[in-house]
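The structure under discussion is shown below.

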Amino acid sequence: MPIITLPDGTTRSYDTTTSPLQVAQDISEGLANVAIGARVNGELVDLSTPIHEDAELKLVTARKGEKESDPDALMLIRHSCAHIMAEAIQKIRPNIELVYGPALDNGFYYDISFTKEDPLSSDEFEEIEQVMKSIIDEDRPFTRYELTVDEGLAKLEKEGNKYKLDNAKRAIESGSKELTWYATGEKDTNWEDLCRGPHVPSTGRIGAFKIMTIASSYWHGEANSDNLTRVYGTAFVHSKQLKAHLKQLEEAKERDHRTVGKNLGLFHIDEQVGQGLVLWTPNGAVVRQELQNFIAQQLQLQGYSQVFTPHIGKLDLYRMSGHYPYYQDSQYPPLIDPDQLKRLSDEGCSCSELSNMMAHGEIEGYLLKPMNCPHHIRIYASSPHSYRDLPVRLAEFGTVYRWEQSGEIGGLTRVRGFTQDDAHIFCMENQVADEIRGCLELVKIIFATLGMNDYRVRLGLRGPNSDKYVGESSNWDKAEEACREAVASLDVPWTEDTGEAAFYGPKIDFIVNDVIGRPWQLGTIQVDYNLPIRFDLTYIGKDGAKHRPVMIHRAPFGSMERFIGVLIEHFAGAFPTWLAPEQVRVLPISEKTNDYAQEVCDRMHALGIRVSVDKNDERVQAKIRDAANMKIPWQLIVGPRDAEARQVSVRMRGIRHDLGALDLDQFIDALQTEINSRGKESVIEKCFPDVESMQEA
Ligand SMILES: [Zn+2]
Ligand SMILES: [Zn+2]
């Protein structure tokens, strides 16, 4: 007599075994029509799965009208679609061997072994998609059947696909008591695959799909193992979603910061210099410097003091902070005093002896700094502090070096040397909330100026396993409450994640969505009880006694490299005027106005505006195109009449026509206002109020 409890708390009783489908039908025929699977006691299962005992049931539905589908529904649809794709490929290419076909966050893949002589080509996608479509049109049921381990293995041995046999053996090793197959249609009649499931009830429930791409992969992901072909596809509840997804991918490709960075000459990564080491070229250096100035200006307003510290520090410093030897896998190897090294090598010291001696502090050396904190701590500790001096806020655009695995390195978002927008605050317990609020305020101002209004905050709190955390529980309670209070006052969406705190204190992460809706994790704010203890930091309290300060690490934008990488994609390279490497380009219509164009340029240049003249012997249309390709915000076209009237014809990036002629002084004045206000006041508003569309073309 199973009693089924639904998510809203209502229950339904059954006399005999039931199923999610049965329950859905009992609620309404409409619900049964959109249900494609279920979670029974939290486990994702087929809609037809028998339920023998009391259970909690949540139906998984796929409704065409929904803007966003249930991730469970997408997972069922995508994995089921992987079966359909495998069947279609096998129909066209009977000699292949299928390996493994899971769902992904954005689609699915199937690893397949093709013969060397006859590899798959993307030219065949259309033909495969046609076959898939006919399988979907036939609306065949996914039929599950089970065999005992022995029967199942015997069947697979007979079929002779070593990959499937291996899958089965692995499943048995991890505890499977039987082996399951899913036939796409009827058992013994239609195509089938060894699979644990679950799937949608029938092929007709796949809304929209597409084969995306092929890549090479290795069996078990091991490079010396069999070479396989990974065929990627994606599927959605309805075609509108698929179209939106494809459009987003297309946009993302156009915005890729590696491509845009190259086209606009923003940065260069050179194999001869080293992987993951960014060379900022002149245009990119302008963006970085402007952004850095902006952040520094805001920090100054908030009472931070700027410091500079060297790129290396003694190993002993990092032994004390705990960064060495514990994190040495993610660090460049230490630099050893050359005389000491020579003496040890003369003595025949082996590499492993050397590294042991370094770890135990028997050899002194230096480390490229993986963090700025120890240096800032030593600045704090270099003079006595009274409670009246606190908080001490030390800021540095500090460059740090980490040894990322080479496979993870790419563009600006994962690098081996980067500059953090770092600062450390040393304060009293009762100042933590205000300091965190200050950090959040800063983030808010900077995101707002950059037009990044879609962001959220994640608050990482202690988990139940309390012995892994440093510091007193009552302090933690206070710090967590301070973080919570500060985050709640920010007026942006936020979540609490239990167990996501660092061992030394609670933390706040920032996740920003760019204009095409992709989330990017930027930096963090972390409260730290650990390092003040390790370095025995103190201040003298009102009572004249020594007290322990709390430390806050904050690098809300992560690193300049990563942040600018995200900004390049956010703006697709079309930076706002104040950030743009080249702000204005003057385009003389012909040689006759070159002198006037130069004069316009010189005047602006003297005022600190980043400007150039295009004196190429080209038609002005070609000059306009070049300037548009470089995403320059303003183009000033000057002909003989402009020269005579001392005016300029203004074009703005993203608008296809001239905005009209303006008196030169008037334009310069408006442009300076726009730059100095970082876009708060615009040339358009001031000079061309009729132009509404400021959309990027
Ligand atoms: Zn399956
Ligand atoms: Zn730090």
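## Salt bridges

Glu87, Glu138 and Arg140 are joined through a network of salt bridges. The model is a predicted one, and a search of the whole structure finds 38 salt bridges.

Three further pairs illustrate these contacts. Arg170 and Asp166 meet through their side chains, with an N to O distance of 3.2 Å. The two residues are four positions apart in helix H6 (residues 162–173), so about one helical turn separates Arg170 from Asp166. Arg170 is partly exposed, at 44% relative accessibility, whereas Asp166 is buried, at 17%. Arg258 pairs with Asp256 in a salt bridge whose closest N and O atoms are 2.8 Å apart. Here Arg258 is partly exposed, with 47% relative accessibility, and Asp256 is buried, with 15%.

In the salt bridge between Arg484 and Glu496, the closest N and O atoms lie 2.6 Å apart. Arg484 belongs to helix H15 (residues 473–488) and Glu496 to strand E22 (residues 494–498), so this pair ties together parts that are twelve residues apart in sequence. Arg484 is partly exposed, with a relative accessible area of 24%; Glu496 is also partly exposed, at 35% relative accessibility.

## Zinc ion (ligand 1)

The zinc ion (ligand 1) is coordinated at 1.9 to 2.1 Å by the NE2 atoms of His79, His83 and His199 and by the SG atom of Cys195. The arrangement is tetrahedral because the four donor atoms subtend angles of 89 to 126°. For four tetrahedral donors, the ideal angle at a metal is 109.5 degrees.

Along the chain, the donor residues of this ion follow the spacing H-x3-H-x111-C-x3-H. His83 is located in helix H3 (residues 71–92), while Cys195 sits in the loop between strand E10 (192–194) and strand E11 (208–218); the pair therefore ties together parts that are 112 residues apart in sequence. His83 and Cys195 are both buried.

## Zinc ion (ligand 2)

The zinc ion (ligand 2) is coordinated by Cys373 (SG), His424 (NE2) and His553 (ND1), at 2.0 to 2.4 Å. The sequence spacing of these donors is C-x50-H-x128-H. Cys373 in helix H13 (residues 373–381) and His424 in strand E20 (residues 417–427) link distant parts of the chain, being 51 residues apart.

Cys373 is buried, at 3% relative accessibility. His424 is likewise buried, at 1% relative accessibility.

## Cysteines and disulfides

A disulfide is a covalent bond between the sulfur atoms of two cysteines. A search of the whole structure finds zero disulfides.

Cys483 is buried, with a relative accessible area of 1%. Cys687 is likewise in no disulfide, as the nearest cysteine sulfur, in Cys601, is 20 Å away. Cys687 is buried, with a relative accessible area of 15%.

## Nonpolar surface patch

A nonpolar patch on the surface is formed by Ile312, Leu335 and Tyr366, which together have about 240 Å² of accessible area. Ile312 is partly exposed, at 34% relative accessibility.

Terms used:
Residues numbered from 1 in each chain as written. Chains lettered and ligands numbered in written order. Predicted model: local features only at pLDDT ≥ 70, side-chain atom pairs only at ≥ 80, totals over all residues. Heavy atoms only, no water. Donors = N, O, S within 2.8 Å, 3.2 Å for Na, K, Ca; no water. Tetrahedral: all angles 85-135°; square planar, octahedral: opposite > 155°, others 65-115°. Buried < 20%, exposed > 50% of the residue type's maximum accessible area, 1.4 Å probe, protein only. Disulfide = S-S within 2.5 Å. Patch = residues over 30% accessible without salt bridge, like charges linked within 9 Å, V, L, I, M, F, W, Y side chains within 5 Å. Areas by Shrake-Rupley, 256 points an atom, 1.4 Å probe, with all protein chains shown as cover. Salt bridge = Lys/Arg side-chain N within 4 Å of Asp/Glu carboxyl O.
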